[in-house]
Amino acid sequence: YVRFIGHFVNVYERSAPAFARDSYRWSANPENIQKYIDDGCEMKEVLGLSLGKALEQIPEEEANDDVWPYHPYEEEKYALEDW
């Protein structure tokens, strides 16, 4: 499912696929969801960030990955079991 989202968001924003896996991990934490709701459904900590600053906040291998979501890796880095 995350791979599908990574593919689909590319239609709207070419830089968005790099953030799909991190967003998947972020959304697994109920505290993050509650903060998002409490903040009026805005992600205030990322609003206004440049693309460069946003890319610095995700794992380097994901920020520099130009083949995902189209070519699977032997071990996916975004699996919740890795947490």
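This section describes the confidence, salt bridges and a nonpolar surface patch of a predicted model. The protein chain has an average pLDDT of 87, and 86% of its residues score at least 70. In the protein chain, the highest confidence is found in helix α3 (residues 30–38), at 97, whereas the lowest is found in α1, at a mean of 91.

Six salt bridges are found when the whole structure is searched. In one of them, the side chains of Arg25 and Asp22 come together at 3.3 Å, N to O, and these two residues, three apart in helix α2 (residues 20–27), are separated by about one helical turn. Asp22 is partly exposed, at a relative accessible area of 26%, whereas Arg25, at 10% relative accessibility, counts as buried. Arg25 also forms a salt bridge with Glu62, with the closest N and O atoms 2.9 Å apart; because Glu62 belongs to helix α5 (residues 60–63) and Arg25 to helix α2, this pair ties together parts that lie 37 residues apart in sequence. Glu62 and Arg25 are both buried.

A further salt bridge links Asp39 with Lys35, the closest N and O atoms being 2.7 Å apart, and of its partners Asp39 counts as buried at 18% relative accessibility, while Lys35 counts as partly exposed at 42%. Through salt bridges that share partners, Asp22, Arg25 and Glu62 are joined into one network.

On the surface, a nonpolar patch is formed by Tyr1, Phe4, Ile5, Phe8, Val11 and Tyr12, which together have about 750 Å² of accessible area. Phe8, a residue of helix α1 (residues 2–9), counts as partly exposed at 40% relative accessibility.

Terms used:
Residues are numbered from 1 along each chain as its sequence is written. This is a predicted model: local features need pLDDT of at least 70, side-chain atom pairs count only at pLDDT 80 or more; totals for chains, interfaces and linings use all residues. Side-chain values use heavy atoms; hydrogens and water are left out. Patches are made of residues with over 30% relative accessible area and no salt bridge: like charges are joined within 9 Å, nonpolar side chains (Val, Leu, Ile, Met, Phe, Trp, Tyr) within 5 Å. Accessible areas come from the Shrake-Rupley method with a 1.4 Å probe; for residues, only the protein chains shown count as cover. A salt bridge is a side-chain nitrogen of Lys or Arg within 4 Å of a carboxyl oxygen of Asp or Glu. Helices (H or I, at least four residues) and strands (E, at least two) are DSSP runs, numbered from the N terminus. Buried means under 20% relative accessible area, exposed over 50%, partly exposed in between (1.4 Å probe, protein chains only). pLDDT is the predictor's confidence in each residue, from 0 to 100.
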